[in-house]
Amino acid sequence: MDAGSPARRAAIIGTGLIGQGWAIVFARMGWEVRLYDVNAAMLAEARSLILQQLRELETQGLLDDADAVVERVQTAASLQDALTGASYVQENSPEKVEIKRALFSELDAAAEPHAVIGSSTSSIPASEFTEHLAGRHRCLVAHPVNPPYLIPVVELCPAPWTSQEALAGARAVMAAIGQKPVLVRKEIEGFILNRLQGALLHEAFRLASEGIASAEDIDTTVKDGLGLRWSFMGPFETIDLNAPGGIADYCARYGGLYQSIGATQGECVAWEGALADALSDERRSLLPQEDLAARRFWRDEKLMRLMRHKQSNGDNNG
């Protein structure tokens with residue numbers, strides 16, 4: 001699939017942070033992008049916010065011509081205008097089943113017959129909002145990571161009735177625009193990424209609740225420990241390299257230890273009340289509320305530097 005072909009057009013429905021991110025992902029690879037949002041104020045400012053991020057990518061050497069890229073991004077006066085001519089549609093509405101059901105009804109009725117329709121939902125299986133559609137076979141979840149123009153993984157999770165053709169089409173589109181599609185073979189709440197993230201977060205909250213470590217030390221353990229390997233290797237490759245005989249050897253050596261640890265991790269600590277207040281107090285002592293926005297820009301700059309490093313080293317599998 002030729003990502004640079006002028007015939008390639010994507011409709012981005014919903015222009016919040018994720019919608020803006022998708023617009024960047026498509027436009028920087030030569031696709032025409034049409035934006036639509038029922039919130040006229042958000043739609044009106046979307047292009048300027050997209051241009052701001054494109055210029056930062058250009059400053060970091062991750063993009064050649066921000067102005068040329070943003071010219072491929074246009075707003076649409078109506079949902080129908082956004083969908084006309086689009087071969088791929090990405091929905092970015094709030095995480096509410098009833099909103100997605102109603103919106104997907106509109107999308108299925110108005111989108112081009114050949115268009116694949118993906119949802120950015122981070123937790124809701126597609127079967128919960130597409131079952132009633134005549135064109136349900138072309139609908140699936142395409143869950144990105146925020147921001148998608150810096151973190152390329154996209155989780156593709158079909159509903160039981162999603163066709164193989166639509167799934168293959170979505171995978172081809174994602175690969176063509178430089179993303180890293182992964183297949184969720186069975187529908188499950190949270191898909192892969194948020195379930196893995198959730199497992200780590202539950203243990204982090206538990207360690208904090210039991211007074212075993214501070215929030216800062218738990219963060220340090222991840223960012224200066226586990227996270228260094230995880231930026232270019234996954235958990236299975238990590239343990240495969242951590243024993244002389246590979247993953248089988250690792251399981252034989254440490255399986256009992258992790259079984260024992262796992263037996264203590266069955267119950268989740270509630271993320272509320274005194275624990276949540278204490279963690280918030282600690283984080284705000286380290287980073288005042290008024291500095292959150294600036295720290296987010298710092299985070300994105302670090303991600304850009306990491307992306308540039310991985311690109312320069314030909315790291316396509318990390």
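## Strands S1 and S2

Strand S1 (residues 9–13) is mostly covered, four of its five residues being buried, where buried means under 20% relative accessible area, exposed over 50% and partly exposed in between, with a 1.4 Å probe and protein chains only. This is a predicted model, in which local features need pLDDT of at least 70 and side-chain atom pairs count only at pLDDT 80 or more, while totals for chains, interfaces and linings use all residues. Residues are numbered from 1 along each chain as its sequence is written, and side-chain values use heavy atoms, with hydrogens and water left out.

Strand S2 (residues 32–36) has four of its five residues buried, so S2 is largely enclosed by the rest of the structure. S1 and S2 pair in the parallel sense over five bridges; two strands count as paired if DSSP finds at least two bridges between them. Within this pairing Arg9 has Glu32 of S2 as its bridge partner, and Ala10 stands opposite Val33 in S2. Strands (E, at least two residues) and helices (H or I, at least four) are DSSP runs numbered from the N terminus.

## The eight-stranded sheet

Eight strands form an open sheet with mixed pairing, in the order S3-S2-S1-S4-S5-S6-S7-S8. Strand S3 (73–75) and strand S8 (180–183) stand at the edges, and each has a single partner strand, so one side of each is left without a neighbour in the sheet. From one strand to the next the twist averages 25°.

Strand S5 (residues 116–119) pairs with strand S6 (residues 139–144) in the parallel sense over three bridges, and Ser119 stands opposite Val141 in S6. Helix H7 (residues 164–176) lies across strand S4 (88–91), S5, S6, strand S7 (153–158) and S8, and runs at about 175° to S7. Such angles run from 0 to 180 degrees between N-to-C directions, the axes being lines fitted to C-alpha atoms, for helices over the stretch in contact.

Ser122 is placed in the loop between S5 and helix H6 (127–130), and counts as partly exposed because its relative accessibility is 25%. Leaving aside neighbours within four places in sequence, Ser122 is in contact (heavy atoms within 4.5 Å) with Glu95, His143, Gly190, Phe191 and Asn194. Ser122 and Gly190 are 68 residues apart along the chain, yet their C-alpha atoms are separated by 6.1 Å.

Phe191 lies in the loop between S8 and helix H8 (193–209) and is buried, with a relative accessible area of 1%. Most residues other than glycine have a negative phi, and most peptide bonds are trans. Phe191, however, has a positive phi near 60°, and a cis peptide bond with omega of about -5° joins Asn146 and Pro147, the latter placed in the loop between S6 and S7.

## The second largest pocket

The second largest pocket has a volume of about 410 Å³ and is lined by 15 residues, of which Leu17, Gln53, Tyr149, Phe297 and Asp300 lie nearest its centre. Helix H1 (17–27), helix H2 (40–59) and helix H13 (292–312) are the elements that give two or more residues to this lining, and H13 provides the largest share, five residues. By class, the lining has seven nonpolar, five polar and three charged residues.

Conventions. On a 1 Å grid over the protein atoms alone, a cavity is a set of points where a 1.4 Å probe fits but cannot get out, and a pocket is an open set with protein on both sides within 12 Å along at least five of seven lines; lining residues have an atom within 4 Å of a point. Grid points are joined across faces, edges and corners, and a volume is the space filled by probe spheres set on the points. Ala, Val, Leu, Ile, Met, Phe, Trp, Tyr, Cys and Pro count as nonpolar, Asp, Glu, Lys and Arg as charged, and the others, Gly among them, as polar.
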